[in-house]
Amino acid sequence: MPHNIFEWIASHYETPTYVFDMQNLAQRVDLIRSRLPDETMLCFAMKANPFMAGTLAKLVDRLEVCSPGEYEICIREQIDPEKIVVSGVNKTKASMERIFSYSHGAGIYTIESELHYQILKQCAAGIDRRLKVLLRLSSGNQFGMDESTLEQVLTMIQADNLMNVIGIHYYAGTQKKIPKIESELKQLNTYGLALQDKYHIQDIELEYGPGLMVSYFDETSSTVSDSSDAGEQLDILGKLLTDMNSYGHISIELGRFLTSDCGYYMTRIMDIKHTGKTGFVIVDGGIHQINYYGQMMGMKKPYMQLIRQQNHVEETTDNIKKSTTEHPNSQIASNDTACMQNSNKWTICGSLCTVNDVLVRQIELCDFDIGDILVFERCGAYAVTEGMALFLSRELPQVLLVDLEENIQILRKKTEINLLNGKMEEEEHGRIN
């Protein structure tokens, strides 16, 4: 996103704030489609960034939701239920009935256990259509079923005439290297052929989450590259998908890889100080609001930029000069200010009262002051939802969306958290007999 847009946002909106760039997002979708086989469908894993659900519903073929709350967001966005894949390990009869009140059975439903099958069977009995279901194959973790259980459920479905098995769903983690993806696809291809032969099902679909790698950190600050090029990964994945011959349709489920690049986190410098030889920059955000996969106590350097606020800088400089004049030990204050100006290695910390609240350690920053804005890049996936948002009862940041015409929409205003961290209900007295 152009630097001048950040400057405008910094001067017109409060911080901290998330900014999501829809032009960047649309370009990412175009890149993915251009590198994969034409018939490949795209599914957005909504958990990566629910604020993008409304926009991405127009750009991709499907959205995957993994909780009743995510489905409620889809209802508010008036997303066509036919485009929604209802996933998640904890499906209940009550949550499915609520979903069916909106979808009337439209869309796709994953089955991750025999209990899920029983729940969907009960709900489907009152629906005037056969449900489309994906059987989720486990990679050995808590998600999905092993081959034996999956095939037992498949046999029951074929006997009850309430559902259509349209394929299988498989996802085994994120930030995977290409050899791991290649191995998974070979195994899935073999298993797909076995299912068709054994259960006489044809034209089945594979919904596959490749977990492609995203580079979050400036590799010039590390001796090890943590990611390969996005286009290169897509080209290899496209070739692997072309070689698959056991599925009539393939849907690629993406979250992190799809949305990371289009998100930014803007936080304002509130204080600058030294303790001994270490320079600290205090910002109004923190680790409760910005989360990178693989971040280790600020040891890695994320992609970021500095937005200077000239008016604020001049005001702050005047205040510093005034304080050094009035300070009873003005020589100490002057020396400290000079030390700050000469140092260019800084540790950036947030506003939380914990020593863990370190965003970046020993980063080079020059010519900055209180009131300036730091923009952390590649925050479009998970950062907005994965942080420990309730800690210390600080406000949730506002969320801004820059649409395809560069209009700014406020998707969420700054929201008080203290209401959630204290007494919310009138006290009810009860007695345990």
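This report describes the fold, cores and selected local features of a predicted model.

## Basis and overall make-up

In this predicted model, local features need pLDDT of at least 70 and side-chain atom pairs count only at pLDDT 80 or more, while totals for chains, interfaces and linings use all residues. Residues are numbered from 1 along each chain as its sequence is written, and side-chain values use heavy atoms, with hydrogens and water left out.

The chain contains 13 helices and 17 strands. Helices (H or I, at least four residues) and strands (E, at least two) are DSSP runs, numbered from the N terminus. Of the 433 residues in the chain, 51% are buried. Buried means under 20% relative accessible area, exposed means over 50%, and partly exposed lies in between, with a 1.4 Å probe and protein chains only. A contact means heavy atoms within 4.5 Å. Among contacts in the chain between residues at least 6 apart in sequence, 72% join residues at least 24 apart.

## The barrel

Eight strands close into a barrel with parallel pairing, in the order S2-S3-S4-S5-S6-S7-S8-S9. The twist from one strand to the next averages 30 degrees. Axes here are lines fitted to C-alpha atoms, for helices over the stretch in contact, and angles run from 0 to 180 degrees between N-to-C directions. Two strands pair if DSSP finds at least two bridges between them. For instance, strand S7 (residues 163-171) and strand S8 (residues 205-209) are joined in the parallel sense by five bridges. Within this pairing, Ile-168 has Leu-206 of S8 as its bridge partner.

Helix H5 (residues 93-103) packs on the sheet, where it touches strand S4 (84-86), strand S5 (108-111) and strand S6 (131-136). The direction of H5 makes about 160 degrees with that of S5. Helix H7 (residues 147-160) lies across S5, S6 and S7 and runs at about 165 degrees to S6.

## Antiparallel strands around S10

Strand S10 (residues 263-275) is joined to strand S1 (residues 17-21) by four bridges, and the two run antiparallel. Thr-17 stands opposite Met-266 in S10. Met-266 also has a bridge partner in S15, namely Val-375. S10 and strand S15 (residues 373-377) pair in the antiparallel sense over five bridges.

S10 pairs as well with strand S11 (residues 278-283), again antiparallel, over six bridges. Here Ile-269 stands opposite Val-283 in S11. The hairpin of S10 and S11 has two residues between the strands, and Gly-276 in it takes a positive phi near 70 degrees.

## Nonpolar cores

A nonpolar core is a set of buried Ala, Val, Leu, Ile, Met, Phe, Trp, Tyr and Cys residues joined through side-chain atoms within 4.5 Å. The largest one has 101 residues, and those with the most contacts inside it are Ile-111, Leu-135, Leu-185, Ile-348 and Phe-376. Helix H8 (residues 178-199) gives the most to this core, with seven residues. A second, separate core has 13 residues, including Tyr-13, Ile-307, Leu-400 and Val-402.

Leaving aside residues up to four places away in sequence, Ile-348 touches a set of residues including Val-281, Val-283, Met-304, Val-358 and Leu-374.

## Aromatic rings and charges

The structure holds 13 aromatic pairs. Rings of Phe, Tyr and Trp (its six-membered ring) pair if their centres lie within 6.5 Å; planes under 30 degrees apart count as stacked, over 60 as edge-to-face and the rest as tilted. Tyr-216 and Phe-217 form an edge-to-face pair, 6.4 Å centre to centre and with 65 degrees between the planes. Both Tyr-216 and Phe-217 are buried. Ring pairs also link Tyr-18, Phe-20, Phe-51, Tyr-265 and Phe-376 into a cluster.

A charge sits over a ring if NZ of Lys or CZ of Arg is within 6 Å of the ring centre and within 35 degrees of the ring normal. The charged end of Arg-28 sits over the ring of Phe-257, 4.3 Å from its centre. Arg-378 lies over the face of Tyr-303, at 3.7 Å from the ring centre.

## Backbone details

Thr-15 and Pro-16 are joined by a cis peptide bond with omega of about -5 degrees. Pro-16 is in the loop between helix H1 (3-12) and S1.

Gln-78 is a residue other than glycine with a positive phi, near 55 degrees. Gln-78 is placed in the loop between helix H4 (68-76) and S4, and counts as exposed at 68% relative accessibility. Gln-362, also not a glycine, has a positive phi of about 50 degrees. Gln-362 is in strand S14 (residues 358-364) and counts as partly exposed at 44% relative accessibility.
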